[in-house]
Amino acid sequence: MKIAVFLKNENFEYLDDHIIQIYTFNIENNLITSIGSELVTIKNLNHILLWLLSKNIEEIYLKNPNNELKSYFEKTGITVKSIEEIKDNPLLKSFLL
């Protein structure tokens, strides 16, 4: 499973050529097999979605995901969770808290 974590409180409504940092984790058999960090230039919400899909991301963590944003991503099979839920994932908790 590939996971992306957005640590900053990004306002996804106003992203016009905004650069954001996204952390990625690849988890296999309850082990983190790779960790990455990318600065990504985002033009709009569709651009974020295309980036996530191109990286085969299955789950994302955001600071304050609203229902509309969750619905948008979940229509494509990407699970959206609040950054607060990271403490429920023992693998990620140790890296991000």
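## Helices on the sheet

Helix H2 (residues 67-74) lies across E4 and E5 and runs at about 150° to E5. Helix H1 (residues 45-54) lies across E1, E2, E3 and strand E4 (59-62), at about 150° to E3. Contact means heavy atoms within 4.5 Å. Axes are lines fitted to C-alpha atoms, for helices over the stretch in contact, with angles from 0 to 180 degrees between N-to-C directions. Helices (H or I, at least four residues) and strands (E, at least two) are DSSP runs numbered from the N terminus.

This is a predicted model: local features need pLDDT of at least 70, side-chain atom pairs count only at pLDDT 80 or more, and totals for chains, interfaces and linings use all residues. Residues are numbered from 1 along each chain as its sequence is written, and side-chain values use heavy atoms, leaving out hydrogens and water.

## Sheet

The five strands form an open sheet in the order E3-E2-E1-E4-E5, with mixed pairing. Strand E3 (31-42) and E5 are at the edges with a single partner strand each, so one side of each lacks a neighbour in the sheet. Neighbouring strands are turned by 25° against each other on average, direction ignored.

Strands E1 (residues 2-5) and E2 (residues 18-28) pair in the antiparallel sense over four bridges; pairing requires at least two DSSP bridges. Val5 stands opposite Tyr23 in E2.

## Side chains

A search of the whole structure finds one aromatic pair. Tyr72 and Phe73 form this edge-to-face pair, 5.4 Å centre to centre with 75° between the planes. Rings of Phe, Tyr and Trp (its six-membered ring) pair if their centres lie within 6.5 Å; planes under 30 degrees apart count as stacked, over 60 as edge-to-face and the rest as tilted. Tyr72 is partly exposed at 24% relative accessibility, whereas Phe73 is buried at 1%. Buried means under 20% relative accessible area, exposed over 50%, partly exposed in between (1.4 Å probe, protein chains only).
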